[in-house]
Amino acid sequence: MKALHSDNAPQAVGPYSQAIEANGFVFASGQLPIDPATNAFAEGGVKEQTRQSLTNAQQVLKAAGLDLSHVIKTTVYLSDMADFAAMNEVYAEFFNKPYPARSAVAVKTLPKNALVEVECIAAR
């Protein structure tokens with residue numbers, strides 16, 4: 001098991017790794033829409049926050065020598081399911097066929113009151 005780290009993604013906000021690689025898989029922790037340059041949320045709404053969360057995921061995967069084409073599963077957490085269509089529109093900009101498997105759920109509250117958080121699993 002190997003911990004992965006990217007300075008181009010936000011630092012962990014708790015006792016966890018940005019990602020762990022094990023047995024040819026990379027398990028990336030949920031990425032909040034924090035811009036690592038400012039340590040603040042991306043300005044705007046759920047579209048901008050989704051874009052930043054996925055950009056952060058890209059950077060974490062890059063630390064493993066991978067990109068989003070290696071992603072086999074994502075989980076998207078939304079603070080409001082009414083934001084699903086807007087999130088999905090941006091999400092589609094980041095992935096190509098065959099799309100990864102995905103779950104999308106609404107939760108009561110996300111860390112730091114984010115509108116979205118995205119985690120992914122990638123394979124070599």
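**View 1. An open sheet of 6 strands with mixed pairing.** In this predicted model, the strand order is β1-β2-β3-β8-β6-β7. β1 (2-4) and β7 are the edge strands, and each pairs on one side only. From one strand to the next, the twist averages 15°.

**View 2. The parallel pair β6 and β7.** Strand β6 spans residues 71-78 and strand β7 spans residues 101-106. The two are joined by 6 bridges. Opposite K73 stands A101 of β7. Between β6 and β7 the chain passes through helix α2 (residues 84-94). This β-α-β crossover is right-handed.

**View 3. The antiparallel pair β6 and β8.** Strand β8 covers residues 116-123. Here 7 bridges link β6 to β8. V76 has V118 in β8 as its bridge partner.

**View 4. Helix α1 across the sheet.** α1 lies across β2 (19-22), β3 (25-31), β6 and β8. Relative to β8, α1 runs at about 30°.

**View 5. Packing of α1 against α2.** Two packed helices are described by the angle between their axes and the distance between the axes. For α1 (residues 46-62) and α2, the angle is about 35° and the axes are 8 Å apart. Their crossing is right-handed. On the α1 side, the contact is made by V46, K47, T50, R51, L54, T55 and Q58. α2 contributes A86, M87, E89, V90, Y91, E93 and F94. By class, the residues of this contact are 7 nonpolar, 3 polar and 4 charged.

Key. Residues are numbered from 1 along each chain as its sequence is written. This is a predicted model: local features need pLDDT of at least 70, side-chain atom pairs count only at pLDDT 80 or more; totals for chains, interfaces and linings use all residues. Side-chain values use heavy atoms; hydrogens and water are left out. Two strands pair if DSSP finds at least two bridges between them. Helices (H or I, at least four residues) and strands (E, at least two) are DSSP runs, numbered from the N terminus. A crossover is right-handed if, with the strands pointing away from the viewer, the path from the first strand over the helix to the second runs clockwise. Axes are lines fitted to C-alpha atoms, for helices over the stretch in contact, and angles run from 0 to 180 degrees between N-to-C directions. A crossing is left-handed if the near helix is turned anticlockwise from the far one by less than a right angle, and right-handed if clockwise. Contact means heavy atoms within 4.5 Å. Ala, Val, Leu, Ile, Met, Phe, Trp, Tyr, Cys and Pro count as nonpolar, Asp, Glu, Lys and Arg as charged, and the others, Gly among them, as polar.
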